[in-house]
Amino acid sequence: MASATDTPPGVVLPPPITERGGVGWAYANLFSTWYNTVLTFIYAALLGVALWFGLSWIVLEADWKVIATLGGRLIIGQYNTEFACPGQNCFWRPQASLLLVSVLLGMAWAVSGDKAAKRIAIGVAAITVAFAFLPYSMDQMGLDVRLLLVANLPAVAAGWVLARYTPLGTVRWIVILGVLFFLVILVLVGGLPGVPGLQPVSTIYWGGLMLNLLLAVTGITLSLPIGIALALGRRSSLPLVKLLCVVFIEVMRGMPLITLLFMSQVLVPLAFPQDFSTNSLFRAGVILTLFSSAYMAENIRGGLQALHPGQVEAARALGLAGWQTTLLISLPQAIRNVIPAIVGQFISLFKDTLLVYIIGMLDVVEFSRAFIQGNAKYLASARELFLFLALVFWIFTYTMSYVSRRVEAHLRVGHR
Amino acid sequence: MIMIEALRGLTYYKGVPLWRHALVIQWALQIISGVIVVVLVTTFFTNITNTIQDREIPHGFSFLSREYQTPIGQHFLPYESSDSFLYAFGVAATNTIIVSVVGVILATALGIVVGVARISGNWLVSRTSLIYIEIFRNIPLLVQLFFWFYVVLALPPVRQGYVIADRIYINNAGLSLPWPSPSNWDAAWVWLAVALASIIAAMVLYHALTRRETLTGRASYPLVTGSVIAVAIAVAGWLFVSAAFGDAPFAISDPAPQGTFGRIAGGFTISGGLMALLAGLVIYTSSFIAEIVRAGIQSVGRGQTEAARSLGLAPMAALRHVTFPQALRVIIPPLISQCLNLTKNSSLAGAIGYSDLANVAKTMTQTAPAVSIYVLLAAAYLAMSLTYSLIGNIYNRSIRLVGN
């Protein structure tokens, strides 16, 4: 052991105060140059003023009672009214649907092991349980409603246990159960003729956030495969197939969705026999899906174009057939490369579900607007209501982009 | 010829069985899909035609010359209820085009500012941009439009409204600004022609001086000279026209409230619906454009800037001649598609009481054949989207990498 005096340790001075800790950070990020300093002060002043006025409005002036008044109607619209569900309480049907979703979320948490799935599952359970303890009187919000809300917590747990300790805990089973549950939810919400307790509820009474979510889920699951098919068709070497795909994509992308929806309401009933096309919600769903698949096709085409041609050539050289090359080599890589764009399109689709107002469906926004129009005393609270809706939509869309970032990170692990 | 060749080939054909032959499968697939589509489309249209005839639904385009007889909210072309359907359609299309053009300009400007601020080295500045983008991109446009609409609606009435410098009025009727109005139409037209000529002259001069600078390396100040010349010609034209006609071509008309209810007269009033629509469209679209701008600037490799600096270019010159042209190549195509989105999104105007093309067309279907109106509407929107594609294609051709 060398003595300390042989090689006297240089006196290591700490870095100057401007280089370390909070001060160093502030120097580097806020006051690095004179114009950055000026910018920092201008921004701080502007943000301060904005926050001051914003917060004082939110806390002192705004009247948030309208949201409590609407309550569950924001989520289900007219679904549980006397017209929709005569002589019965139908509120449990959307709630039971939510329970199924909770089970799936619990399974996704156990299978993916990712903190995103965990956070979402716990978040949904926590929010629904919190709703159960809202200070409504028992007349306004019955015990059954509250119990079904609390049940989301065991539902998530049950899903988690199911996936962890039974052979159901694979992605394949989650997908199968997801499709199955979706059909069950459609039956639950729509009802079955002749089954007591499940009397049919006409789709014109479906509404609220439930309608937005149902349309979004349907559109998302269907527009991806249709979009892939269109993208492959557009890149096909067969001239006729290519032409058809190009025309379809460009016509869909060239028109505003609102116009397409409105056309579907007027033209489709003229074109098909009357009994075939009475359901306007069905038509809106089809248009929404087709519209979204046209954009999806362009995203996926972008991914296919960005793929190095060597990939396809190597696959062909290894003796894979054309369809094998596409399904096993090109598509997986192309889709992985454009996940942000695909999720962006999912988010767009979710935001576009609001446009069903044009065909007279009362989704959450149109229901709120109609409520404000019909109740003059709440006209002054319209800003509060739409601010709240903005927050609700923001939470959903931000969660979607958060999940997309996590998925992307996972797929990059073995990639780079 | 080909058929005969194929037939001859078939007689002694020993290759892959026909039902597995790639060419056969491909053509069979194409023919089947073609037939299906043709059958679907013809069924669709024959059914529509039949239904129209059976139910005696009015059709055709003769309605276009009839009087529309319905008021249109705010309009930029002069319009009266006695005008024809065709003219009303044009008025509505102008409304959409004006909203789109103003919206595209404002959204691009705001988007560039936010996008550049997003990559600022200043933490506060870049975080503010990030929050701006994440908030406004993720909230549906319709919710934002309704929010702005009710914000405008909650503004005080005209008499109690906000007044800035005695000239700008903000109230629940909208935003009223001073606006130049021609005092003498002849003089105004002459001066506008002079102004146009001055702009053209300045552009010619700018190009000539830029060329001289590039070729000789002598500093020629094209931008300064061009703008000075343009302003000089315009001012000289103004003085000359004023002297010749005895009247200035334009006078500023100030808005002023009139009567006890306070209707604003004079100036230019942007109606509440238009204000909410522009606010919503511009803020929503700018958050997308900001991300495009950020991605574009970040897509240019650091090496490019470093190489430019090591060749002796000043920082600003490196930005202007090396980084920015390359970033623009990445930025412009998605930017154009965002502008198209803004135009199509302006069709939500109907929800907040601004008479855009889609809204007027929807109202028209109550008194005119719906099918014909949809044909017109589809044609109008497709024409707009084709215009954007055309601009995009021209631009893409002009920036195509040489030798690519």
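In which crossing, left-handed or right-handed, does helix 3 of chain B pass helix 4 of chain B? The crossing is left-handed, a term that applies if the near helix is turned anticlockwise from the far one by less than a right angle.

This is a predicted model, in which local features need pLDDT of at least 70, side-chain atom pairs count only at pLDDT 80 or more, and totals for chains, interfaces and linings use all residues. Residues are numbered from 1 along each chain as its sequence is written, while chains are lettered from A and ligands numbered from 1 in the order in which they are written.

Select residues 85-118 and 123-138 of chain B, which are helix 3 and helix 4: their axes come within 7 Å and cross at roughly 130 degrees. Helix 3 of chain B is therefore oblique to helix 4 of chain B. Next, show Val114(B), Ala117(B) and Arg118(B) of helix 3, which meet residues of helix 4 including Val125(B), Leu130(B) and Ile133(B), contact requiring C-beta atoms, placed from the backbone, within 7 Å.

Now move to the open sheet of four strands in chain B, whose order is 1-2-3-8 with antiparallel pairing; strands pair if DSSP finds at least two bridges between them. Its edge strands are strand 1 (162-164) and strand 8 (268-271) of chain B, each pairing on one side only. Select Tyr162(B) together with its bridge partner Ile170(B) in strand 2 of chain B. Finally, select residues 272-299 of chain B, helix 8, which lies across strand 3 (174-177) and strand 8 of chain B and runs at about 65 degrees to strand 8.

Conventions
Helix = DSSP H or I, 4+ residues; strand = E, 2+ residues; numbered from the N terminus. Contact = placed C-beta atoms within 7 Å. Axes fitted to C-alpha atoms, helices over the stretch in contact; angles between N-to-C directions. Parallel < 35°, antiparallel > 145°, perpendicular 65-115°, else oblique.
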